[in-house]
Protein chains: 2
Amino acid sequence: MFKEDLQKRIEHVEELLRKYSVTKDNEAKILFEAMNYSLFAGGKRLRPIMVLEAFNLLNGDESFIAEAFAASTEMIHTFSLIHDDLPAMDNDDYRRGKPTNHKVYGDGIAVLAGDSLLNYAYENIIANIKKSNYKDRCLEAMAVLTNAIGPFGIMGGQTADLINENKKDVEISTLKFIHEYKTTIFIRACLKVGAILAGANNQQVEALDKYGHNIGFAFQIQDDILDVVGNSEELGKPVGSDQKNDKTTYVKLLGLDESKEEVKTLTNEAIKIILDEFGRDKAKFLIDLAEYLKNRTK
Amino acid sequence: MFKEDLQKRIEHVEELLRKYSVTKDNEAKILFEAMNYSLFAGGKRLRPIMVLEAFNLLNGDESFIAEAFAASTEMIHTFSLIHDDLPAMDNDDYRRGKPTNHKVYGDGIAVLAGDSLLNYAYENIIANIKKSNYKDRCLEAMAVLTNAIGPFGIMGGQTADLINENKKDVEISTLKFIHEYKTTIFIRACLKVGAILAGANNQQVEALDKYGHNIGFAFQIQDDILDVVGNSEELGKPVGSDQKNDKTTYVKLLGLDESKEEVKTLTNEAIKIILDEFGRDKAKFLIDLAEYLKNRTK
């Protein structure tokens with residue numbers, strides 16, 4: 001039942017990405033190809049799903065604006081993956097079971113494809129805000145989003161990740177900084193964006209923010225766990241790469257059992273917060289989603 | 001006289017960059033350092049000067065919003081230079097007489113510093129639009145700006161530049177595409193942004209757009225000329241690199257004399273357009289600027 005709900009949402013997002021993605025048969029044609037190669041390489045589409053879920057949970061008006069923001073969050077997520085995979089960063093050859101962008105198009109085009117997805121995400125949002133009757137909400141949502149992506153957000157997290165990559169003595173506070181900014185802040189932003197666009201009050205935004213914080217952390221810890229116990233075929237990427245790269249992970253610092261326990265605790269808290277604020281009927285999908293992510297194997 | 005006018009404007013821009021740039025003493029401190037290393041490495045500050053000049057020419061209200069946009073255009077320009085200098089792109093070791101960003105901070109941080117400057121430029125604009133009484137104008141200006149930067153703008157130009165870099169048979173139409181999108185569209189956008197923020201009518205925006213088109217092209221051709229006849233000490237970068245890299249340039253396709261003639265023609269046209277629309281008094285600085293750029297040696 002949940003899997004069907006999720007699949008329906010994923011298909012909706014795929015449709016939105018086809019609608020909002022761009023291509024042009026000009027001298028820079030290969031740039032558009034590279035952008036779309038990674039944008040349509042699959043993935044869980046969690047971020048746009050969260051934008052839309054928060055928006056619908058609060059009965060938002062003007063679904064087109066939530067849809068534009070949603071599509072743009074996936075473009076931004078794809079941008080961050082393309083740059084993260086570069087030889088200058090994580091130097092990954094595979095992503096979602098397919099060769100990474102730079103392996104197909106070369107490092108230069110991959111840099112530009114990432115840049116273009118980030119920039120076009122905002123271009124797309126602005127074009128749609130111009131048509132909205134709720135410009136103040138839209139600008140507030142865009143402020144939250146841009147902040148989560150920039151140097152105070154995921155780019156700060158990626159920096160901390162990069163400079164601590166080969167260190168043997170990374171502290172838990174640093175690891176938490178990396179997780180907070182590399183992953184969690186974006187997930188929180190997606191939920192807040194959807195809520196703000198729907199005109200949510202502060203308490204509602206805050207509940208979604210806390211939920212996002214918890215499942216974001218749980219998600220990242222689960223990533224670390226799967227790198228140890230996962231199946232590389234299911235994951236679409238090699239396992240054991242963290243250990244190979246001598247990367248500090250939750251599993252390395254806390255051990256496997258305590259890491260699993262932490263995922264459980266964070267998930268249960270997330271469910272309680274969302275349940276208390278919105279009730280089981282309305283929050284059903286987000287509750288199921290938290291459970292699903294806790295138990296995911298890929 | 002003009003040099004003093006220009007210097008005053010450059011100093012104003014430097015002040016704005018100090019005001020709008022960011023730093024933070026956290027785990028990602030080095031990211032902010034890298035962003036500011038390149039942002040404060042000097043340069044002509046032409047793009048923010050054009051935003052402000054168009055805005056003032058049209059007696060715009062709310063100078064803070066023009067200033068925020070102006071500062072952001074320089075952040076975006078710096079982002080494009082940092083990525084353009086990467087080994088995956090032009091592989092340049094020096095920029096403005098100083099080691100390029102990746103030579104100081106490494107390729108990974110340079111990628112992230114570029115990303116962060118692009119993203120923060122928009123973050124900064126959005127934070128200021130929220131305070132403006134002219135939100136529609138601001139959104140229109142931001143639509144023009146984002147379009148000029150993305151895949152339909154400079155990123156498309158950089159792509160065409162990259163894929164044609166080592167080709168021996170590049171056609172003039174391709175070279176024009178590269179110049180149009182790599183350089184000119186951004187200069188045009190800066191002038192249009194300033195005009196739109198000031199509430200200009202279509203005819204005024206169009207005159208500035210044409211002026212920008214002409215001086216943008218003249219600027220790029222002059223760049224090609226200086227790579228042949230320039231002084232590497234004045235330029236702060238080695239000359240002859242285009243020939244060394246077997247790059248197709250205006251000089252290579254048209255010869256030095258015809259290239260110089262083209263710079264003159266484009267400049268004279270630009271001056272006529274702006275003079276006809278705004279008169280000598282108001283347009284004085286932009287007229288002098290066009291002359292100055294035509295005669296520049298660095």
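The exercises below, each with a worked solution, go through a predicted model of two chains.

Residues are numbered from 1 along each chain as its sequence is written, and chains are lettered from A in the order in which they are written. Because the model is predicted, local features need pLDDT of at least 70 and side-chain atom pairs count only at pLDDT 80 or more, while totals for chains, interfaces and linings use all residues.

**Exercise 1. Describe the side of chain B that touches chain A by its helices and its residue classes.**

Step 1. The contact takes 48 residues from chain B and 48 residues from chain A.

Step 2. Helices are DSSP runs (H or I, at least four residues) numbered from the N terminus, and those of chain B that each supply at least two residues to this side are helix 2 (29-39), helix 6 (107-129), helix 7 (135-149), helix 8 (154-163) and helix 9 (172-197).

Step 3. Helix 6 of chain B gives the largest share, 15 residues.

Step 4. By class, this side divides into 29 nonpolar, 12 polar and 7 charged residues, given that Ala, Val, Leu, Ile, Met, Phe, Trp, Tyr, Cys and Pro count as nonpolar, Asp, Glu, Lys and Arg as charged, and the others, Gly among them, as polar.

**Exercise 2. Find how helix 3 of chain A and helix 4 of chain A are oriented to each other, and which residues make their contact.**

Step 1. Two packed helices are described by the angle between their axes and the distance between the axes.

Step 2. With axes taken as lines fitted to C-alpha atoms over the stretch in contact, and angles running from 0 to 180 degrees between N-to-C directions, the axes of helix 3 (residues 46-57) and helix 4 (residues 63-85) of chain A come within 7 Å and cross at roughly 155°.

Step 3. That makes helix 3 of chain A roughly antiparallel to helix 4 of chain A, because angles over 145 degrees count as roughly antiparallel, under 35 as roughly parallel, 65 to 115 as roughly perpendicular and the rest as oblique.

Step 4. On the side of helix 3 of chain A the contact is made by Arg47(A), Pro48(A), Val51(A), Leu52(A) and Phe55(A), and helix 4 of chain A brings residues including Ala66(A), Phe69(A) and Thr73(A); by class, the contact divides into 8 nonpolar, 2 polar and 2 charged residues.

**Exercise 3. Decide whether Thr73(A) and Asn59(A) are buried or exposed.**

Step 1. A residue is buried if 20 or more other C-beta atoms lie within 10 Å of its own, exposed if 12 or fewer, and partly exposed in between, with C-beta atoms placed from the backbone.

Step 2. Thr73(A), which lies in helix 4 of chain A, has 29 other C-beta atoms within 10 Å and is buried; leaving aside neighbours within four places in sequence, Thr73(A) is in contact with Arg47(A), Pro48(A), Val51(A) and Cys190(A).

Step 3. Asn59(A), in the loop between helix 3 and helix 4 of chain A, has 10 C-beta neighbours inside 10 Å and counts as exposed, and its phi is near 50°, a positive value in a residue other than glycine.

**Exercise 4. Find how helix 2 of chain B and helix 6 of chain B cross, and the classes of the residues in their contact.**

Step 1. The two axes come within 9 Å and cross at roughly 75°, so helix 2 of chain B and helix 6 of chain B are roughly perpendicular to each other.

Step 2. Among the residues that meet are Ile30(B) and Leu31(B) in helix 2 of chain B, and Ile109(B) and Ala110(B) in helix 6 of chain B; the contact has 10 nonpolar, 2 polar and no charged residues.

Notes: Contact = placed C-beta atoms within 7 Å.
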